[in-house]
Amino acid sequence: MDGYKTTPVGSVSEIRPLHSEEAAGGRGEARGMERGATTTVAMDFGRITVHAGLSLYLFGMPGQDHFRFLWGELCAGALAAFVLADARRVEECLTAVDHFERARVPFVVAVNLFPRAPDRTECDVARALGLERGTRGVLCDARDRTAGKEVLIRTVEYAGRVHTARLFASLG
């Protein structure tokens, strides 16, 4: 399922999310995708309100190389991010992990647990990806609204700790 990063935006957004999925067709099927699978043709967008006056804007960034130019633009001003990894292919998100580390955007790696996926723990994920000390790995089911909210909560909590530490460090 190529469009699995679209799922968490749709599962937690309080507005009708803007999706950019199209039928994979020809080339997608050649890459081993199931017939009827979808692929991203742009980014996805959603929103969730934490409380009055505070909303999180959700951008589903495509991972394909030809969309890499968007990553820097979407990171400009971002307070946090999460990387959604497929439990069967965790290592495929290394490019995104490297990007957020270089951009100094606090992030969490959310591992989407699929049926028949290998058993993973949060520590396994951190080790497999060589995550910097303190960077969290969380397990989730991206289709589940409650699990999606939990990933967002952990991401916001982690970002708050990172930004607070940076502020205190800047004060000397």
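Modeller: Gladly; this is a predicted model, in which local features need pLDDT of at least 70 and side-chain atom pairs count only at pLDDT 80 or more, while totals for chains, interfaces and linings use all residues. Residues are numbered from 1 along each chain as its sequence is written, and side-chain values use heavy atoms, with hydrogens and water left out.

Colleague: Where is Asp 86 placed, and is Asp 86 buried or exposed?

Modeller: Asp 86 belongs to strand β5, residues 81-86 (strands are DSSP runs of E with at least two residues, helices runs of H or I with at least four, numbered from the N terminus). Asp 86 is buried at a relative accessible area of 1%, where buried means under 20%, exposed over 50% and partly exposed in between, with a 1.4 Å probe and protein chains only.

Colleague: And which backbone nitrogen lies 2.8 Å from a polar atom of the Asp 86 side chain?

Modeller: That is the backbone nitrogen of Arg 88.

Colleague: What about Asn 112 in strand β6?

Modeller: Asn 112, in strand β6 (residues 107-112), is buried too, with a relative accessible area of 3%, and a polar atom of the Asn 112 side chain lies 2.9 Å from the backbone nitrogen of Ala 142.

Colleague: Are Cys 75 and Cys 140 buried or exposed, then?

Modeller: Cys 75 is buried at 9% relative accessibility, and Cys 140 is likewise buried at 9%.

Notes: A polar contact is a pair of N or O atoms within 3.5 Å; within protein, one must be able to donate a hydrogen and the other to accept it, and residues adjacent in sequence count only if both atoms are side-chain atoms.
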